[in-house]
There are 2 protein chains.
Amino acid sequence: MSVTAPQGFAAAGVASGIKASGRLDLAVVANLGPRFAAAGVFTRNRVVAAPVRWSREAVANGQLRAVVLNSGGANACTGQPGLTDAQAMAGATAAALGMEAGDVAVCSTGLIGTRLPMTEVTSGIGRACVQLAATGGEAAATAIMTTDTVIKQSAHQDGGWTIGGMAKGAGMLAPGLATMLVVLTTDASLEPSALELALREATRTSFERADADGCMSTNDTVLLLASGASGVVPSQEEFTAALGGVCQDLARQLIADAEGANHEIAIEVVGAATVRDAEVVGREVARSNLFKCAIFGADPNWGRVLSAVGVTDAVFDADQLDVSFNGVQVCRGGGIGEPRDLVDLSGRQVHVLIDLHAGDATATILTTDLTYGYVKENAEYSS
Amino acid sequence: MSVTAPQGFAAAGVASGIKASGRLDLAVVANLGPRFAAAGVFTRNRVVAAPVRWSREAVANGQLRAVVLNSGGANACTGQPGLTDAQAMAGATAAALGMEAGDVAVCSTGLIGTRLPMTEVTSGIGRACVQLAATGGEAAATAIMTTDTVIKQSAHQDGGWTIGGMAKGAGMLAPGLATMLVVLTTDASLEPSALELALREATRTSFERADADGCMSTNDTVLLLASGASGVVPSQEEFTAALGGVCQDLARQLIADAEGANHEIAIEVVGAATVRDAEVVGREVARSNLFKCAIFGADPNWGRVLSAVGVTDAVFDADQLDVSFNGVQVCRGGGIGEPRDLVDLSGRQVHVLIDLHAGDATATILTTDLTYGYVKENAEYSS
């Protein structure tokens with residue numbers, strides 16, 4: 001159930017001293033081989049943190065041997081000194097493990113605009129590398145938490161090969177989260193190009209469809225490392241489907257633990273002309289603060305859903321829109337449907353179904369409600 | 001200081017019984033002539049309320065003699081019956097005042113997806129039309145309030161002609177508010193085409209730059225009626241500038257009274273390649289929940305500003321961005337500037353200055369912070 005579930009991986013998490021609390025704050029995940037294929041997906045934000053700049057370069061040749069991650073500081077908007085720090089983190093990891101700095105990806109999460117305490121970080125990396133073990137997945141997953149309240153791990157086993165994964169992220173969005181870090185591992189034997197293809201497709205239908213607060217981070221990173229240790233070569237379709245399942249499981253865990261959330265909301269858009277239309281409509285509703293507050297108030301406010309749908313350029317006729325909350329069709333044909341008081345929003349899970357009556361395409365976007373807790377965490381916690 | 005400040009206008013506000021509280025909920029503004037030129041700007045939401053559909057048609061010929069407005073119900077997503085109700089409101093007003101229904105615009109605000117109590121509305125219109133007076137501006141401005149805590153009025157007097165205005169709106173955005181209703185009046189003598197031109201320009205730099213929560217309403221309407229009663233014909237430039245001033249004053253009042261706001265935030269973007277770039281950057285920051293929560297927490301979190309800037313397609317180099325909070329440049333060249341603790345965000349007014357270093361264009365977007373009060377109002381109040 002962790003990044004060390006597949007053969008050929010070791011991990012560790014240590015308390016390096018970045019966090020004043022003394023909690024675990026530094027993780028290393030190492031690929032022991034025999035193969036070192038890798039792929040990555042990064043934030044689309046144009047303001048990118050130093051570790052993202054470094055890791056994009058590192059994975060460009062389709063190969064990684066390790067990932068070093070820290071919480072407690074994002075190393076974003078730190079200029080040339082920040083880039084030097086990211087490079088030093090890769091270098092320290094590479095030195096300890098006997099590889100090149102260019103084989104090591106770097107991920108950071110925490111406050112933007114402050115330098116990392118590099119003495120502590122470097123010494124922490126040394127200790128983590130010594131502790132690397134096949135049992136270290138959980139410690140690594142713990143060390144990347146910020147405002148996360150639980151660790152997020154997933155795994156999939158199938159026909160002799162395995163996928164493992166860990167994630168952190170609280171406020172977040174479309175790999176472009178605030179901050180979402182994900183490390184995926186597999187012992188399947190695949191070429192970098194196959195990993196890249198599978199990773200893009202898997203993130204498109206998972207992390208790209210999870211949107212807690214519409215804010216895109218400077219640090220978001222999803223990395224996939226393949227050791228080939230199982231010796232098995234799954235088909236592209238088979239591997240992509242399995243990877244998609246692991247990513248969807250992690251995305252669901254991220255939304256379930258989003259900052260201050262009282263409700264987990266699945267916005268299912270059906271009858272769309274295209275998948276892109278379905279995604280656009282779902283995202284617009286997921287980003288409506290009025291809608292999100294209504295769900296917090298257990299109010300099946302379909303007017304706010306229609307208002308959000310109406311600002312998109314998706315194909316639809318306003319007089320054809322249907323909206324259901326938890327199975328009750330409160331809006332029919334763009335107008336009044338079943339009585340609102342038939343809807344029960346007292347539970348944590350909310351299902352909003354929007355039928356555009358414009359085609360056969362569909363997509364589900366995951367989001368959360370907007371609560372006092374969200375405001376509190378983001379007013380009192382600097383990130 | 002009201003819609004009846006210019007010569008040739010009368011107004012009234014009555015309690016028709018739409019609101020269970022017994023508060024004023026229905027207003028009529030009548031143009032007594034001698035001219036009846038008019039222009040309108042409406043929500044760009046594709047889901048539009050019945051009164052918007054009606055009023056767009058009514059003003060299409062550049063002429064209006066009256067506006068009837070109600071709070072307590074948006075008459076949105078009410079299908080054909082809702083359109084019939086909107087038409088009936090225009091018809092009742094026209095009958096009472098001896099004009100054609102097509103000369104009367106209709107504005108509604110309140111909950112989406114419920115019908116208006118037409119018996120009460122019709123009788124209220126009759127009473128309002130009897131009470132029409134040059135002193136009725138304040139009652140009319142009061143009758144259109146929903147969660148507004150104060151009435152919003154403005155006026156401008158210049159060289160023999162006057163502009164007056166009233167507005168309501170709490171959560172809101174770029175004429176696309178939730179719900180923003182504005183009626184502007186003038187006794188200047190101008191053609192409908194001149195009014196249209198002036199109104200588009202004035203809203204572009206006022207209401208279009210006020211964004212409390214990023215949500216666009218189904219009902220937003222800005223109407224401008226000209227009686228020509230002063231006999232004065234101002235120049236286009238003169239009139240547009242004056243109208244812009246009145247609209248900016250009303251926009252500022254709307255933001256100051258936005259739901260739950262603790263801070264009024266002016267986001268000034270300078271050094272942009274184009275005005276559109278400046279607006280896009282300002283709006284993206286204004287819509288960042290993380291930024292808005294930080295301001296509520298009195299945290300000059302420039303990292304969240306840069307994160308928001310980074311998702312736009314505006315021209316900028318991430319290593320050139322400067323950000324100041326209330327005069328302290330906390331971010332310089334995309335990195336760490338002055339210490340955060342030099343910034344004082346304890347006051348209600350917050351000025352965020354973003355320099356893109358990409359040109360000479362500038363725009364200021366007005367917004368508010370995201371507070372417990374916002375969540376409370378929008379979780380407990382259906383709209």
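Q: How many bridges join S6(B) to strand S7 of chain B?
A: Strands of a sheet pair through backbone hydrogen bonds, either parallel or antiparallel. In this predicted model, S6(B) and strand S7 (residues 161-168) of chain B run antiparallel and are joined by seven bridges. Two strands count as paired if DSSP finds at least two bridges between them; strands (E, at least two residues) and helices (H or I, at least four) are DSSP runs, numbered from the N terminus.

Q: What is the bridge partner of Gln153(B) in S7(B)?
A: Look for Met166(B).

Q: Which helix of chain B packs on the sheet, touching S3 and strand S9?
A: That is helix H1 (residues 50-59) of chain B, and S9 covers 221-226. Contact means heavy atoms within 4.5 Å. The direction of H1 makes about 145 degrees with that of S3(B). Such angles run from 0 to 180 degrees between N-to-C directions, with axes fitted to C-alpha atoms, for helices over the stretch in contact.

Q: And what does helix H5 of chain B touch?
A: Helix H5 (residues 192-204) of chain B touches S3, strand S8 (181-186) and S9, and its direction makes about 30 degrees with that of S3(B).

Q: What is the strand order of the open sheet in chain B?
A: The five strands follow the order S3-S9-S8-S7-S6, with mixed pairing. At the edges, S3 (37-42) and S6 (152-158) of chain B each pair on one side only.

Q: How should I read the numbering and cut-offs?
A: Residues are numbered from 1 along each chain as its sequence is written, and chains are lettered from A and ligands numbered from 1 in the order in which they are written. Local features need pLDDT of at least 70, side-chain atom pairs count only at pLDDT 80 or more, totals for chains, interfaces and linings use all residues, and side-chain values use heavy atoms, leaving out hydrogens and water.
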